Number of protein chains: 2
Amino acid sequence: METVDTVETRELRYFVAVAEELHFGRAAERLGIAQPPLSRAIQQLERRLGVRLLARDRRGVALTGAGETLLHEGRAALDATAAAARRTRRAGAADRPGGARDRLVLAVKAGASHELLHKLLDAHAAEPAAAEIEVLPSGTCDQEAMLRDGRADAALMHAPFNSLVGFDSEELMTEGQIAVLPAGHPLAARRTLSMADIEGVPGLPLARWARHGVYPPGPGPEIHDQTQLAQLIALGRTVAVYPDSARAWLWAEHAAVPLADAPPVVTHIAWPAHNRSLALAALVRTATSL
Amino acid sequence: METVDTVETRELRYFVAVAEELHFGRAAERLGIAQPPLSRAIQQLERRLGVRLLARDRRGVALTGAGETLLHEGRAALDATAAAARRTRRAGAADRPGGARDRLVLAVKAGASHELLHKLLDAHAAEPAAAEIEVLPSGTCDQEAMLRDGRADAALMHAPFNSLVGFDSEELMTEGQIAVLPAGHPLAARRTLSMADIEGVPGLPLARWARHGVYPPGPGPEIHDQTQLAQLIALGRTVAVYPDSARAWLWAEHAAVPLADAPPVVTHIAWPAHNRSLALAALVRTATSL
DNA sequence: GCTCGCTGATACCCGCCGGGTATCAGCGGC
DNA sequence: GCCGCTGATACCCGGCGGGTATCAGCGAGC
């Protein structure tokens, strides 16, 4: 078996789809092709890699060890490929005659670090040859994906919630955390609280945010959206832990109490490790000198 | 122009070849195909990305801004794809029934950190369920490439010579640097030297190592190979700066003198940022606890 | 100034392969 | 037992990736 070590992105796309669905039919539907060509493509990939990727158990499909590997590595490769295409398009738009100026996409967690972001954008706009900044508010934790697949050039990330692994980053700010409570709640009158105080309060379970699509277990409501959470807090149904800067978006019916023992939140500006764009360097310089 | 944002690895390979050669004919030859299909493939890629990648100037080809972007990003994507294939194959070999045990490839700079490497391998072999370690001695600075494209799972890297950007790493050791001189040279008698002492000594120019394929300018000889360098030093033709641990491979005709003001060399163990293999984690744990 | 030679682009043809439809083969469940 | 669901197989077709032959621009040289 001569094993050529070139894998086409199409094959990776197909394999990732099957590995995620664990079902050829659904994967084929998702890919917009029929099932038989998909089966054949996967077999071909297995033959070329000389490796079994899927255990076709009767009644479904499971990943082998090699399949797990290819799922992770393949996703990374697809991200890198998509990033190459996206960034090239944007670079092309920039150097087209009469085209747009340099343009940077900055991913931020929707609603987070409002004030910092404001200061950053103002300071950057004041620079003489500053690139245009497009702010891309993302869902909870997917700034990482945005950076990886080229939808964004830089992101404001919040340790320990976001992982900075694989990116370059600079620390911008450290802040404490607050408990966001219903205004009328007894705990809202306290000057400070500890994590223990707000965990296990009867009738006031902690809200649960999704991390990479899965919710941590617990009794609290599952939160998709900042506004939804704000409303649930205002209604006295839940409590949430947020960085200090969240005070910017609190409602009248909310109360904020500092948490003495919550881990500090460190805001970073992060970017893909190998990026060497001048515009990005300028943005980072501005950010760190705030 | 409907711009599908899927780029095939074949297209990336072709483009990178042209961008590196800046010549369709030579690139085609390197790729083992004829020139016309290559021209067509690049045009097709440009059309699909909606971007001009190459400025076909009379008498040759130049990269546009977008082309530069795609060259960098495309290389990264190709590395990631190759890494996915290689690591999948290796994982497959590991989970084949009766197949090889877990196996890790550790890239090291040939000849560097001999003693540390010895201790690391011994300590790791002493672990009960340790994976097998294959040591892959690399040329001067390409451990980074080895990690990126999946030829290695971990590497010993030496700051400030290697860049740790884009990898996870742990610090292992810090050492000073020494000047490696011909044994008979007057400077060899000194207890310590400074960088100024060995720069610009008449008849004894500093050896020049290639960094990513290019040699820094200077009068000294261009070095490809440790043995070659050792010989040139022994012959009294050059002098080199090395970490302390290089004493391990010095010849009788060599003399080593500490450099008081050379930057310290920090040895790290580094690995691809997203790796989550248990075997690798065990190796890193062993390394950091040395 | 004409030709030569070098560049990349075009024209055209062919064979392979990716995609489709129809169908088969194992097996769990009502 | 049959049905329904899974993925695999068989077969066909059209497009596209690859080849050869050739063209088109332009710089260098006698």
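Start with chain A of this predicted model, where 3 strands make an open sheet with antiparallel pairing, in the order β10-β7-β11. Its edge strands are β10 (240–243) and β11 (254–259) of chain A, each of which pairs on one side only. On average, neighbouring strands of this sheet are turned by 35 degrees against each other, direction ignored. Look at β7 (residues 177–182) of chain A and you'll find 4 bridges joining this strand to β10(A), with the two running antiparallel. One pair to pick out by eye: A:Gln177 stands opposite A:Pro243 in β10(A). Packed on this sheet is helix α8 (residues 226–234) of chain A, which touches β7, β10 and β11 of chain A. The direction of α8 makes about 60 degrees with that of β7(A).

Now hop over to chain B for another sheet. This one is open too, with 5 strands in the order β4-β3-β5-β12-β6 and mixed pairing. Here the edges are β4 (132–138) and β6 (167–175) of chain B, each pairing on one side only. From one strand to the next, the twist averages 25 degrees. Inside this sheet, β3 (residues 103–109) and β5 (residues 154–159) of chain B pair in the parallel sense over 2 bridges. If you want to spot the pairing, B:Leu106 has B:Ala154 in β5(B) as its bridge partner. Helix α9 (residues 278–288) of chain B lies across β3, β5, β6 and β12 (265–272) of that chain. Relative to β6(B), α9 runs at about 20 degrees.

| Helix pair | Angle between axes | Distance between axes |
|---|---|---|
| α1(B) (9–21) and α2(B) (24–31) | about 130 degrees | 8 Å |
| α1(B) and α3(B) (35–49) | about 110 degrees | 10 Å |

How does α1(B) sit against α2(B)? With an angle of about 130 degrees, α1(B) is oblique to α2(B). The crossing in which α1(B) passes α2(B) is right-handed. On the α1(B) side, the residues involved are B:Tyr14, B:Ala17, B:Val18 and B:Glu21. They meet B:Phe24, B:Arg26, B:Ala27, B:Arg30 and B:Leu31 in α2(B). Sorted by class, the residues of this contact come out as 6 nonpolar, no polar and 3 charged.

From α1(B), the contact uses B:Glu11, B:Tyr14, B:Phe15 and B:Val18. From α3(B) come B:Leu38, B:Ala41, B:Ile42 and B:Leu45. That contact has 7 nonpolar, no polar and 1 charged residues. B:Tyr14 and B:Val18 turn up in the contact with α2(B) and also in the one with α3(B).

So much for single chains; how do the two chains meet? In the interface, 40 residues of chain A are in contact with 40 residues of chain B. Helices α1 (9–21) and α4 (65–95) of chain A each supply at least two residues of chain A's side. Which element gives the largest share of that side? The answer is α4(A), with 23 residues. By class, the side of chain A that touches chain B has 17 nonpolar, 13 polar and 10 charged residues.

A rotation of 180 degrees, with 0.0 Å of shift along its axis, superposes chain A on chain B with an RMSD of 0.1 Å. That is the relation of a two-fold axis.

A few backbone details are left. Most residues other than glycine have a negative phi, and most peptide bonds are trans. Against that background, the peptide bond from A:Ala159 to A:Pro160 is cis, with omega near 5 degrees. You'll find A:Pro160 in the loop between β5 (154–159) and β6 (167–175) of chain A. In chain B, a cis peptide bond joins B:Ala159 and B:Pro160, with omega about 5 degrees, and B:Pro160 lies in the loop between β5 and β6 of chain B. Then there's A:Leu22, which isn't a glycine but has a positive phi of about 55 degrees. A:Leu22 is in the loop between α1 and α2 (24–31) of chain A.

Conventions:
Residues are numbered from 1 along each chain as its sequence is written. Chains are lettered from A and ligands numbered from 1 in the order in which they are written. This is a predicted model: local features need pLDDT of at least 70, side-chain atom pairs count only at pLDDT 80 or more; totals for chains, interfaces and linings use all residues. Two strands pair if DSSP finds at least two bridges between them. Axes are lines fitted to C-alpha atoms, for helices over the stretch in contact, and angles run from 0 to 180 degrees between N-to-C directions. Two residues are in contact if their C-beta atoms, placed from the backbone, lie within 7 Å. Angles under 35 degrees count as roughly parallel, over 145 as roughly antiparallel, 65 to 115 as roughly perpendicular and the rest as oblique. A crossing is left-handed if the near helix is turned anticlockwise from the far one by less than a right angle, and right-handed if clockwise. Ala, Val, Leu, Ile, Met, Phe, Trp, Tyr, Cys and Pro count as nonpolar, Asp, Glu, Lys and Arg as charged, and the others, Gly among them, as polar. Copies are superposed by least squares on the C-alpha atoms of residues with pLDDT of at least 70 in both.
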